[in-house]
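Reader: I would like to learn how to read a few features of a fold. Please take them one at a time.

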Amino acid sequence: MITTKLHSLLLILILASSLFCCSPKEPVKIGFLGGVSGRVADLGIAGRNGALLAVEMRNRAGGINGRTIELLVEDDQQDAEQAKAAMRRLIDQKVEAIVGPMTSMVAMSVVPLVNHASIVMMSPTVSTQDLSHIDDYFFRVISSTAEYAHKSADYQAMHQGIRRVAAAYDLRNASYSESWLKEYRKALAAHGGEVILSEPYFSGDEINFATLAEKLLNVNPDAVLVIANSLDAAMLAQQVRKRDPYVHIATSEWAATERLSELGGNAVEGVMIAQFMDRDSNNPSFLAFRQAYIDRFSMEPGFGGVTAFDATNVVLTALAAKEKSQTLKQAILSQGLFIGVQSEIRFDKMGDAKRDTYMTTIHNGQFLRVH
């Protein structure tokens with residue numbers, strides 16, 4: 001009787017062990033946070049697509065140590081409170097890391113949450129100076145606003161002779177736009193130039209771009225600078241061009257999505273932008289990525305797709321390589337250098353990154369690298 005019971009128990013244990021060994025491993029959960037709805041969703045959608053493509057390609061290659069990767073997407077709706085709620089949902093689902101957000105305003109609202117949870121947040125596009133030089137769980141795969149603002153001011157002063165600038169900047173993303181303008185002022189002053197007028201506004205359907213354009217042009221600037229999303233930059237450029245066909249127009253890298261030329265048309269021809277994507281690149285990795293993105297989503301990736309793909313791959317590469325004794329943060333910092341589809345991504349000890357920067361313009365509706 002005892003022997004029979006022991007045999008039965010042993011059989012149950014063997015069957016249970018067999019079922020456990022053969023059951024599929026739990027997926028690696030990665031979160032994505034970005035604005036994928038609303039009037040300026042183009043950046044968030046490109047970011048989501050880039051992250052999804054990276055996950056799909058990694059899964060086809062075997063995942064991470066035999067585990068598939070699951071991307072959990074949350075819409076921050078470009079609203080601080082909605083972003084916090086979305087971030088809490090991702091944390092509650094025990095994600096290994098979060099790719100995003102795509103704007104500095106959202107990042108400022110959710111960084112305290114990821115720091116408290118000790119979860120790496122790898123942003124594709126956040127560049128505010130307010131998050132620079134801090135030892136926390138916020139990482140980014142692009143340089144800070146200082147890089148793009150200084151390159152813009154240097155090029156405009158040295159190659160276009162610009163000295164007097166009137167600027168409009170969006171306070172809905174104030175952490176980004178204010179730090180960008182501050183660095184631009186500093187760089188332009190080094191060339192003897194000056195931002196003679198700075199007009200803040202809050203992005204939204206109610207903004208009167210005609211009135212804003214008139215204010216900017218009333219001071220007779222050499223150039224109008226727009227620190228805003230692609231939709232606002234396109235609409236303001238149209239109003240500026242109706243009133244002055246010759247004044248220079250410049251904008252920041254935030255506006256440099258494909259939507260800028262689609263909506264701006266002839267008004268954005270010749271607009272100058274410093275950015276972290278070279279659309280003319282012949283790098284085989286970039287060409288392969290671009291084709292895969294177009295095949296999957298039937299659209300160009302833009303800078304949001306490129307940097308989200310890079311950010312996701314940094315996370316996935318570090319997760320696959322990290323030792324058991326390491327946290328993900330330690331694994332990323334110990335490796336330090338990652339290869340993106342266009343350029344190297346070099347993290348310093350605070351998680352801030354450096355990557356190549358390009359001066360571009362719009363010519364015949366296409367972004368063209370000029371420096």
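Reader: How are helix 5 and helix 6 oriented to each other?

Author: This is a predicted model. Angles of 65 to 115 degrees count as roughly perpendicular, those under 35 as roughly parallel, those over 145 as roughly antiparallel, and the rest as oblique. Helix 5 (residues 145-160) and helix 6 (residues 174-189) pack at about 40°, their axes being 8 Å apart. The two helices are therefore oblique to each other. The crossing of helix 5 and helix 6 is right-handed.

Reader: Which residues of helix 5 and helix 6 meet?

Author: On the helix 5 side they include Tyr148, His150, Asp154 and Gln156. On the helix 6 side, Trp180, Glu183, Lys186 and Leu188 are among them. Sorted by class, this contact has 10 nonpolar, 5 polar and 3 charged residues.

Reader: What is the strand order in the open sheet of 3 strands?

Author: The order is 11-12-13, and the pairing is antiparallel. Strand 11 (337-339) and strand 13 (353-354) are the edge strands, each pairing on one side only. Strand 11 is joined to strand 12 (residues 344-347) by 3 bridges. Phe338 has Ile345 in strand 12 as its bridge partner.

Reader: How many salt bridges are there in the whole structure?

Author: Side chains of opposite charge can pair when their charged atoms come close. A search of the whole structure gives 17 salt bridges. One case is Arg369 with Asp278, whose closest N and O atoms are 3.1 Å apart. Arg369 is in strand 15 (residues 366-369) and Asp278 in the loop between strand 10 (272-275) and helix 10 (284-297), so the pair ties together parts 91 residues apart in sequence.

Conventions:
Residues are numbered from 1 along each chain as its sequence is written. This is a predicted model: local features need pLDDT of at least 70, side-chain atom pairs count only at pLDDT 80 or more; totals for chains, interfaces and linings use all residues. Side-chain values use heavy atoms; hydrogens and water are left out. Axes are lines fitted to C-alpha atoms, for helices over the stretch in contact, and angles run from 0 to 180 degrees between N-to-C directions. Helices (H or I, at least four residues) and strands (E, at least two) are DSSP runs, numbered from the N terminus. A crossing is left-handed if the near helix is turned anticlockwise from the far one by less than a right angle, and right-handed if clockwise. Contact means heavy atoms within 4.5 Å. Ala, Val, Leu, Ile, Met, Phe, Trp, Tyr, Cys and Pro count as nonpolar, Asp, Glu, Lys and Arg as charged, and the others, Gly among them, as polar. Two strands pair if DSSP finds at least two bridges between them. A salt bridge is a side-chain nitrogen of Lys or Arg within 4 Å of a carboxyl oxygen of Asp or Glu.
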